[in-house]
Amino acid sequence: MAEPDRAVGPARAAAASAAAGCVLAGTVAVIVAVVAGPGPGLTGYVSEAGVADSAYAPTYRIGVFALAAALLLLAAALPAALRLAAALLGAGSGFTLLSAVVTCSTGCPLPPFEAATVADLVHGGSSIAGVAAVVFAMLALAWSPATTPAVRRISALGGALALPLSGAIALAMLIAGRGGLVGGLERVLLAVTFGWGLAAATALGLRRDPAVTKRSTDGNRAL
């Protein structure tokens, strides 16, 4: 049986490197907005940093836009054999972008314990769908034989952490609603997804197509 094509050419390596940069920039911007903004701290949602009356709302949205771009670039960096994971990352990028465009009202209320507006439901639903798509992309990469060993290990670890955290958040939202438990778990889950994105993008960016590397080496020797 032929070995699956795992090589990352120059274009894909560049996309992966750009994805890593966007993850870093987006994470820093979101952290600044959450820490410096007027939100309720660990008892609230991260999205509360992006409400319209927050002075740090533009910083938050720029950070989320950067993270959406990172997911799209990471999808572009994956080899053609990993179409499912790329499609999931592309969907995650779209949902993440929607969550930045449609902001929630103060407190980002969500059912079943709070009355929510249409914008709250769109924002909350797109945020949840975006994270879910990324978690499923981790699992797809962890199980696909076409994934490079480094990315498979990174994705297996990310999925092993993110999947139970996602379930715990869903259960806590249904039982307890908004509060310190959900807020804390949400931040841990986002840290896992951001860390996975940075690690996976870095691993792909460092992966070199052997044929390209050989041609470059032969050219240097000829000089």
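Me: Hi! Is Phe95 buried, exposed or partly exposed?
Reply: Phe95 has a relative accessibility of 34%, so it counts as partly exposed. Bear in mind that this is a predicted model.

Me: Thanks. Where is Phe95 found?
Reply: Phe95 sits in helix H3. It also belongs to a nonpolar patch on the surface, together with Leu98, Val118 and Val122.

Me: How much accessible area does that nonpolar patch have together?
Reply: The four patch residues have about 320 Å² of accessible area together. Two elements give two or more residues to the patch, namely helix H3 (83-101) and helix H4 (118-143).

Me: Let me step back. How many helices and strands are there in the chain?
Reply: The chain has 7 helices and 0 strands. Along the sequence the pattern reads α-α-α-α-α-α-α.

Me: And how much of the chain is made up of buried residues?
Reply: Buried residues account for 43% of the 223 residues.

Me: What share of the contacts between residues at least 6 apart in sequence joins residues at least 24 apart?
Reply: In that set, 73% of the contacts join residues at least 24 apart.

Me: On to the inside. How many residues has the largest nonpolar core, and which have the most contacts inside it?
Reply: The largest nonpolar core has 39 residues. Those with the most contacts inside it are Leu74, Leu78, Leu89, Leu141, Trp196 and Leu204. Helix H1 (10-36), helix H2 (57-77), H3, H4, helix H5 (149-175) and helix H6 (180-206) each give two or more residues to this core.

Me: Which of them gives the most?
Reply: That is H6, with 8 residues. There is also a second, separate core of 9 residues, which includes Ala33, Val46, Tyr60 and Ala100.

Me: You listed Leu141. What is it in contact with, leaving aside neighbours within four places in sequence?
Reply: Leu141 is in contact with Leu78, Leu82, Ala85, Thr147, Val151, Arg152, Ser155 and Trp196. Two of these partners, Leu78 and Trp196, are also on the list of residues with the most contacts inside the core.

Me: Let's look at H5. Which of its residues are buried?
Reply: The buried residues of H5 are Val151, Ser155, Gly158, Gly159, Ala162, Leu165, Ile169, Ala172 and Met173. They pack against H4 and H6.

Me: What span should H5 have, and how far apart are its end C-alpha atoms?
Reply: With 27 residues at 1.5 Å a residue, H5 should span 39 Å, and its end C-alpha atoms are 39 Å apart, so the two agree. After H5 comes Gly177, which has a positive phi near 80°.

Me: Changing topic: how many salt bridges does the count come to?
Reply: The count comes to 2 salt bridges. In one of them, Arg178 pairs with Glu48, and the closest N and O atoms are 2.8 Å apart.

Me: Which parts does that pair tie together?
Reply: Arg178 lies in the loop between H5 and H6 and Glu48 in the loop between H1 and H2, so the pair ties together parts that are 130 residues apart in sequence. Arg178 is partly exposed, with a relative accessible area of 32%, whereas Glu48 counts as buried at 8%.

Me: And the side chains of Arg187 and Glu186, how do they meet?
Reply: They meet in a salt bridge at 3.8 Å, N to O. Arg187 and Glu186 are both buried.

Me: Back to H3. Is Ser99 buried or exposed?
Reply: Ser99, which is in helix H3, counts as buried, at 8% relative accessibility. Not counting residues up to four places away in sequence, Ser99 touches Val64, His123, Ser126 and Ser127.

Me: Last one: where is the place of Ala116, and what does it touch?
Reply: Ala116 is in the loop between H3 and H4 and is partly exposed, at a relative accessible area of 30%. Leaving out residues up to four places away in sequence, Ala116 touches Pro109, Leu110, Pro111 and Leu121. Ala116 and Cys104 are 12 residues apart in sequence, with 9.0 Å from C-alpha to C-alpha.

Definitions and conventions: Residues numbered from 1 in each chain as written. Predicted model: local features only at pLDDT ≥ 70, side-chain atom pairs only at ≥ 80, totals over all residues. Heavy atoms only, no water. Helix = DSSP H or I, 4+ residues; strand = E, 2+ residues; numbered from the N terminus. Buried < 20%, exposed > 50% of the residue type's maximum accessible area, 1.4 Å probe, protein only. Contact = heavy atoms within 4.5 Å. Patch = residues over 30% accessible without salt bridge, like charges linked within 9 Å, V, L, I, M, F, W, Y side chains within 5 Å. Areas by Shrake-Rupley, 256 points an atom, 1.4 Å probe, with all protein chains shown as cover. Core = buried A, V, L, I, M, F, W, Y, C linked by side-chain atoms within 4.5 Å. Expected span 1.5 Å × (residues − 1).
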